[in-house]
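Reader: Can you walk me through the strands and helices of this one? Put the structure up and I'll ask as we go.

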Amino acid sequence: MDTHDTMPSVLLFFDKQRFIFNAGEGLQRFCTEHKIKLSKIDHICLSRVCSETVGGLPGLLLTLAGMGDGLSVNIWGPSNLNLLVDAMKCFIPHHAMVHTNLISHTGPLQVDSFHNCASVASNFKDVKISAILLQPNGVEDSDVKPSDVSVIYVCELNESKGKFHKEKADALGIKVKTKFRELTEGKSVKSDLLDITVHPSDVMGAPVPGPVVIIVDCPTDSHAQKLTSTQSLNDYYSDSSCQSQSCKIVNCVIHLGPASVVSSSHYKKWMNKFSSAQHVMAGYAMNKVQNPILKSSARITTRLSYLCPQLFPLMSSTSDHDFTQEDLTSKLCNGVFAENLLKFILRPHARLGLDRSDVPSPLAASAVIDELLLEIPDIIDATQHVSQLWQKPTATNKCAISFQDSKGLIDEPILDENSHPCCLENIRRDDLEITFLGTGSSQPSKYRNVTAIYFNLFSNGSLLLDCGEGTLAQLKRRYGSEGAENAVRHLACVWISHIHADHHVGLVRILTLRRDLLKGVPHDPLIVIGPSHLNLFLDAYQRLEDLDMQFLDNKSTTVTSWETFNFDNESNKTITSTSCLEESCLQGSSKRMKLSIPIDNVATSALLTRLKKVLNKAGLERIISFPVVHCPEAFGVILKAADRINSVGKVIPGWKVVYSGDTRPCSETIEASEGAAILIHEATFEDGMAGEAIAKNHSTTKEAIDVGNSADAYRIILTHFSQRYPKIPVLDELSMHKTCIAFDLMTINIADLHVLPEVIPYLKLLFRTEMLIDDSDDHIVEADL
């Protein structure tokens with residue numbers, strides 16, 4: 001599988017045993033889409049330990065821990081695997097049964113007599129897997145860092161017994177059929193008619209060697225140069241370099257390395273040593289994806305885009321912009337490009353070879369639209385009406401459509417908003433645009449990814465609020481590869497609400513990409529604001545690879561912390577204006593609202609100073625965290641834009657956007673949201689599930705709307721829906737007059753806020769034939785997050 005933002009994963013499965021090689025971001029969502037049972041995974045084998053290969057591991061382990069009494073899994077990888085496991089302990093429960101198996105020079109390894117690289121063999125029921133360590137060329141063993149080590153996995157299936165020849169057994173006088181079975185089991189028997197002993201070799205054909213598959217992750221040219229001289233693979237070469245009688249025939253070689261490496265002359269020369277092998281080129285940079293990876297999500301997004309392209313722009317192409325299949329085909333020998341769900345069948349021997357029967361068929365947007373028009377003919381008129389909302393934003397006071405629900409024909413009332421908040425006066429389309437990259441809770445599903453919200457401030461940069469697994473892939477689906485890289489490159493900061501994995505596991509991939517994009521370019525580390533437990537994880541992870549970031553505790557950005565910071569810097573002339581800001585953001589703040597940590601060290605004060613400059617450069621006056629009711633150290637956040645001056649010199653107050661994070665309805669969120677242009681509030685459960693909402697410290701749809709109404713927020717956007725509602729949540733019809741439902745890849749421009757509630761009835765029209773729960777889906781395990 002290829003998920004646009006990480007290295008592919010390879011699944012090796014038998015009747016009673018399954019292995020996954022690499023677990024990048026998106027693995028769990030991809031398997032949900034294609035009904036691959038992750039609960040049956042026994043072993044996870046990592047070629048390297050980095051964000052590209054392990055981004056999906058935390059979510060996978062949490063899911064396995066939540067199944068039944070918890071499922072055990074073995075993880076194999078280089079010696080720095082322990083650093084990853086130690087880091088994940090910050091948020092993965094102790095009952096996640098993870099057995100770590102290190103492949104390193106320091107462990108009980110079987111050293112190859114031909115070369116200084118190490119090799120360890122593990123025997124399983126159906127297969128023997130050998131791991132060969134590959135390091136950069138020209139580096140002494142003592143100087144090799146664990147992060148530079150890559151693992152080649154050699155998978156050898158057990159040999160099959162030869163064919164039993166009954167005619168030979170008859171000729172040798174074997175008449176008792178039970179002796180046939182004994183011979184096939186390798187036992188000698190007495191002839192029934194002749195005075196001889198019949199041996200298995202007398203009646204059995206030669207055994208069939210087990211198929212051999214090699215999985216190679218060669219990340220750099222330096223590794224490739226080392227690979228060509230690695231003698232540990234000599235017995236697997238089929239050219240003249242193999243002098244041993246024990247040479248084994250390799251049936252398939254799967255290449256995970258990038259196109260720039262595997263297309264080099266020395267790498268191709270090495271590939272030619274496997275003259276009879278089928279080469280599968282699975283490197284992410286060369287896989288020009290023609291079909292969407294997540295078809296269910298792509299289908300819904302295409303339908304939404306047809307109805308309302310203003311909120312759901314067409315998804316961008318995510319194919320790589322440096323290499324194409326056409327460019328590389330001429331450079332590769334005897335290779336095919338990997339496709340999602342492409343198989344190489346190993347048994348039975350008669351079917352040995354590639355199998356494309358499960359490769360997803362193309363999904364053309366035109367076909368999705370044709371299907372939609374047949375299903376809902378009214379959608380054509382609805383699309384025209386939606387378009388008119390943008391052309392005449394104040395002309396429509398009532399939805400132009402009606403539809404049948406369980407109670408009969410309903411007309412959807414729309415509140416006539418004659419006045420807008422003063423902060424939206426003369427608002428520009430390049431002031432703010434919000435894209436929801438993930439709107440689901442707990443774990444990714446076919447239709448909704450986990451939480452992430454992208455704030456595009458255009459020429460002023462961008463921010464991320466929460467960063468669940470797959471955030472980078474969602475950015476690529478929305479903006480394309482180049483657009484996603486620009487978004488990451490220009491991030492001003494990232495804010496994380498709490499330590500639960502569905503809100504932060506995608507952060508490391510974002511940070512490492514930004515590090516690589518800005519390598520050699522003067523820049524400052526990215527500021528990450530989050531709970532203290534997140535810092536424990538990031539600090540531990542940075543022992544694996546540099547994240548190029550600076551951490552700031554949420555409690556350092558509360559109202560009181562900012563006030564303390566301003567007091568300590570009272571010589572600064574901006575004290576008065578910033579004090580006014582806190583007053584305008586949070587009037588009458590409660591004691592919990594002012595929860596903070598003392599600004600008593602130079603490092604925190606310096607970082608707040610830099611954050612203030614970063615925010616001002618982004619056109620923001622302040623980012624203020626406030627405590628909410630969910631888990632320890634759970635926070636919501638206020639973003640306040642700087643005031644503007646219009647053409648006649650009038651001062652227009654800056655907009656205020658509030659994000660609740662995960663929370664029960666609470667006074668702190670109401671206080672923070674007073675007068676907000678936008679309140680983004682979680683709505684995990686429908687109204688009939690208040691008990692579960694209370695038990696898990698989440699909110700129902702109605703509770704979220706009530707918070708916004710109590711605070712007199714101009715617009716309420718609901719998100720973080722339970723995966724019980726994969727497409728559209730249950731709604732209270734009468735309380736939607738200023739509310740909008742968030743969908744994945746939905747983009748809302750601040751200049752379009754007046755239109756949002758009027759779009760809701762049309763969205764319901766689009767989904768009127770959809771079940772609230774897709775019964776064909778596998779059962780969704782909702783972890784108690």
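Author: What follows covers an open sheet, a strand pair and a helix in this predicted model.

Reader: In what order do the five strands of the open sheet come?

Author: The order is β1-β2-β3-β4-β5, with mixed pairing. β1 (10–13) and β5 (98–103) are at the edges with a single partner strand each, so one side of each lacks a neighbour in the sheet. On average, neighbouring strands are turned by 20° against each other, direction ignored.

Reader: How do β2 and β3 run, and how many bridges join them?

Author: β2 (residues 18–21) and β3 (residues 43–45) run parallel, joined by three bridges. Phe 21 stands opposite Cys 45 in β3.

Reader: Which strands does helix α3 touch?

Author: Helix α3 (residues 57–65) touches β3, β4 (73–78) and β5 as it packs on the sheet, and its direction makes about 160° with that of β4. Helix α4 (residues 81–88) also packs there, touching β4 and β5, at about 155° to the direction of β5.

Reader: Switching to β8. Is the strand largely enclosed or left open?

Author: Largely enclosed by the rest of the structure, because seven of the eight residues of β8 (residues 127–134) are buried. β8 pairs with β9 (residues 150–157) in the antiparallel sense over eight bridges, and Ile 132 stands opposite Ile 152 in β9.

Reader: And α20, what span should its 16 residues have?

Author: At 1.5 Å a residue, α20 (residues 602–617) should span 22 Å, and its end C-alpha atoms are 23 Å apart, which agrees. Its buried residues include Leu 607, Leu 608, Arg 610 and Lys 612.

Reader: What comes just after α20?

Author: Gly 619, which takes a positive phi of about 80°.

Technical notes. Residues are numbered from 1 along each chain as its sequence is written. This is a predicted model: local features need pLDDT of at least 70, side-chain atom pairs count only at pLDDT 80 or more; totals for chains, interfaces and linings use all residues. Side-chain values use heavy atoms; hydrogens and water are left out. Helices (H or I, at least four residues) and strands (E, at least two) are DSSP runs, numbered from the N terminus. The expected span of a helix is 1.5 Å times one less than its number of residues. Buried means under 20% relative accessible area, exposed over 50%, partly exposed in between (1.4 Å probe, protein chains only). Two strands pair if DSSP finds at least two bridges between them. Axes are lines fitted to C-alpha atoms, for helices over the stretch in contact, and angles run from 0 to 180 degrees between N-to-C directions. Contact means heavy atoms within 4.5 Å.
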